[in-house]
Amino acid sequence: MTNVTIRLNSDDKAEFSRICEKIGLSVSAAFNVFVKTVIKEERIPFELSARDRDDFYSEANLRHLEELKRLDDAGQLKFTKHELIEV
């Protein structure tokens with residue numbers, strides 16, 4: 001076993017720690033999962049891009065919207081009026 005030191009913004013570390021705790025992982029375990037995934041897949045396990053992206057058109061959101069449309073077409077969605085939106 002060896003130690004690795006990384007530098008993080010203190011706010012990012014606190015938020016990352018909070019999320020890891022909710023998942024049931026330590027920060028160390030989360031980094032180990034990341035490292036093992038990189039080794040297994042021989043790639044960074046998420047998309048990296050230098051260009052601005054419109055998350056509305058991301059694959060995940062498009063799948064989500066398609067599922068919502070399917071549910072709406074099947075009459076399985078119930079919409080309610082929101083106080084901030086005037087119709």
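The side chains of K69 and D73 are joined in a salt bridge, with N and O 2.8 Å apart (a salt bridge being a side-chain nitrogen of Lys or Arg within 4 Å of a carboxyl oxygen of Asp or Glu). The model is predicted, so that local features need pLDDT of at least 70 and side-chain atom pairs count only at pLDDT 80 or more, while totals for chains, interfaces and linings use all residues. Residues are numbered from 1 along each chain as its sequence is written, and side-chain values use heavy atoms, with hydrogens and water left out.

K69 and D73 lie four residues apart in helix 3, and are therefore separated by about one helical turn; helices are DSSP runs (H or I, at least four residues) numbered from the N terminus. Both K69 and D73 are exposed, where exposed means over 50% relative accessible area, buried under 20% and partly exposed in between (1.4 Å probe, protein chains only).

R63 pairs with E59 at 3.8 Å between the closest N and O atoms. These two residues are four apart in helix 3 (residues 59–73), about one helical turn, and both R63 and E59 are exposed. R70 and E67 form a salt bridge with their closest N and O atoms 2.7 Å apart; the spacing here is three residues, again about one helical turn. R70 counts as partly exposed at 45% relative accessibility, as does E67 at 34%.

A nonpolar surface patch is formed by V4, I6, L8, F16, F31, F34, V35, I39, I44, F46 and L48, with about 1000 Å² of accessible area together. Patch residues have over 30% relative accessible area and no salt bridge, and nonpolar side chains (Val, Leu, Ile, Met, Phe, Trp, Tyr) are joined within 5 Å; areas come from the Shrake-Rupley method with a 1.4 Å probe. Helix 2 (residues 27–41) gives the most to this patch, with four residues. I39 is found in helix 2 and is exposed, at 57% relative accessible area.

The largest pocket holds about 490 Å³ of space. A pocket is an open set of points on a 1 Å grid where a 1.4 Å probe fits, with protein on both sides within 12 Å along at least five of seven lines; lining residues have an atom within 4 Å of a point. Of its 15 lining residues, N3, V4, S28, F31 and N32 lie nearest the centre. Helix 2 supplies the largest share of the lining, seven residues.

Note on methods: Patch = residues over 30% accessible without salt bridge, like charges linked within 9 Å, V, L, I, M, F, W, Y side chains within 5 Å. Points joined across faces, edges and corners; volume = space filled by probe spheres on them.
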